[in-house]
Amino acid sequence: MKLLITGGAGFIGSHVVRLFVTKYPEYQIYNLDKLTYAGNLANLSDIEHAPNYTFIKGDITDAKFIDDMFAELAFDGVIHLAAESHVDRSITDPMSFVMTNVVGTVNLLNAAKNTWAAGASGFDGKRFYHVSTDEVYGSLHNPDEFFTEETAYDPQSPYSASKAASDHFVRAYGNTYKLPVVLSNCSNNYGPNHFPEKLIPLMIHNIQTNKPLPVYGKGENVRDWLFVVDHARAIDAVFHNGRLGETYNIGGFNEWKNIDLVHLLCTIMDRKLGRPEGTSAQLITYVTDRAGHDLRYAIDAHKIMNELGWQPSLQFEQGLEKTVDWFLENQEWLDNVTSGNYQKYYESMYTNR
Ligand code: NAD
Ligand code: DAU
């Protein structure tokens, strides 16, 4: 099996690459990543010399590069995670989301379709797995409602609109060309290597450095949090055993209001840093709400649990403790991603193929 994983230097992608490289030594794993501000190879330093692992620096918006790479390397499967992923950035710069998330995905679909169709065995044994988000379903307002695989798409931000468009293209290629596709839509991830522009790592960093904790609006918005390694395990299950043409929702049945989550983090951090309880919570600052801020996401994950036997392995409090410990023990990583040092360093080491 020659497997292409895109976006493998990012937060979730690095956990997926690590899982596949270590669990499947017989696979050849190719990690294709542009190394944007969000991706860095320090996330994979423990496996970078594994004999079944190859890194390729490149941009999925470059169709010729993608076509040439498929022609040369003849992948059997693709797990596509590369994306622009931060909602706030999509509000200030929507076009980069269109380019990477939509155009980049279609470039990969074309390359897979054309290369596989021209091969001796056609689409037999091939698989294109698109990793997506629960944000495509929009925002829930009724507390009894959950996103199921049948929920109609209703994206509300430029980010979720770009992910919804990419999901539609993947399904359209499955329907029109019979490309063997499978998709998943996951809720909010957290854990080691999370880029510190997202809520949990940003709060940990700001608590540690005594900076204000910016809570958008009233902090009433609800997210369903899943430990990143559990998402990687779910991706393993869907890639190997998910039915072609199907979509699997992935989530932790673990809903938190932002303000409650920030208070919990403050309590954990006060304990870890030896501060009197209540110290860090004084840093909480309510700021202007995110434009078009989705109120609540909540995933119904019964399909993947019943069909593929997947379930989350960690309770949230355990996962948060592990995450806080990782950030406290990896200060150098945090300093290098926030300063942009990693980006400059890896930029100079690798040139685009
Ligand atoms: P991330 O921003 O941490 O990583 C994205 C990676 O993609 C980076 O390594 C970046 O360098 C790479 N990349 C970006 N543009 C590229 C391009 N044009 N060509 C090649 N590589 C490029 O993102 P993440 O949080 O790890 O999310 C990974 C995937 O999972 C995304 O598709 C996202 O939509 C999806 N997802 C994320 C979450 C979450 O909570 N973070 C939840 C559900 C789904
Ligand atoms: O649901 C899955 C999605 O989760 C993924 O598809 C996205 O890639 C990922 O970034 C995440 O999107 P969110 O917008 O939910 O995550 P973020 O960490 O940016 O924000 C979480 C919540 O916290 C959200 O309600 C906004 C709020 N927030 C965020 C930041 C960065 C704040 O209140 N203050 C902040 O400073």
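Guide: The part to look at is strand β10, residues 247-250, in what is a predicted model. T247 and N249 point to one side of this strand, while Y248 and I250 point to the other, and all of them are buried.

The partner of β10 is strand β6, residues 181-186; the two pair in the parallel sense over four bridges. Within that pairing, N185 stands opposite N249 of β10.

Widening the view, β10 belongs to an open sheet of seven strands, ordered β3-β2-β1-β4-β5-β6-β10, with parallel pairing. Strand β10 is an edge strand, as is β3 (53-57), and each of these pairs on one side only. From one strand to the next, the twist averages 20°.

Further into the order, β4 (residues 77-80) and β5 (residues 127-133) also run parallel, joined by four bridges. There H80 has H130 of β5 as its bridge partner.

The next topic is the nonpolar packing. In soluble globular proteins, nonpolar side chains tend to be buried together. Here the largest nonpolar core has 77 residues, and those with the most contacts inside it are I5, F20, Y53, I79, Y129, I304 and L320. Helix α8, residues 258-273, supplies the largest share of this core, eight residues. Another core lies apart from it and has 25 residues, including Y30, L73, A112 and L179.

L320 can be followed in detail. Leaving out residues up to four places away in sequence, L320 touches Y190, I200, L261, L264, L265 and I268.

The last stop is a pair of helices, α10 (residues 316-329) and α11 (residues 331-339). Their axes come within 5 Å and cross at roughly 75°. Angles of 65 to 115 degrees count as roughly perpendicular, so α10 is roughly perpendicular to α11. On the α10 side the contact is made by W326, F327, L328 and E329, and on the α11 side by Q331, W333 and L334. By class, the residues of this contact divide into five nonpolar, one polar and one charged.

Terms used
Residues numbered from 1 in each chain as written. Chains lettered and ligands numbered in written order. Predicted model: local features only at pLDDT ≥ 70, side-chain atom pairs only at ≥ 80, totals over all residues. Heavy atoms only, no water. Core = buried A, V, L, I, M, F, W, Y, C linked by side-chain atoms within 4.5 Å. Buried < 20%, exposed > 50% of the residue type's maximum accessible area, 1.4 Å probe, protein only. Contact = heavy atoms within 4.5 Å. Axes fitted to C-alpha atoms, helices over the stretch in contact; angles between N-to-C directions. Parallel < 35°, antiparallel > 145°, perpendicular 65-115°, else oblique. Nonpolar A, V, L, I, M, F, W, Y, C, P; charged D, E, K, R; others polar. Pairing = 2+ DSSP bridges.
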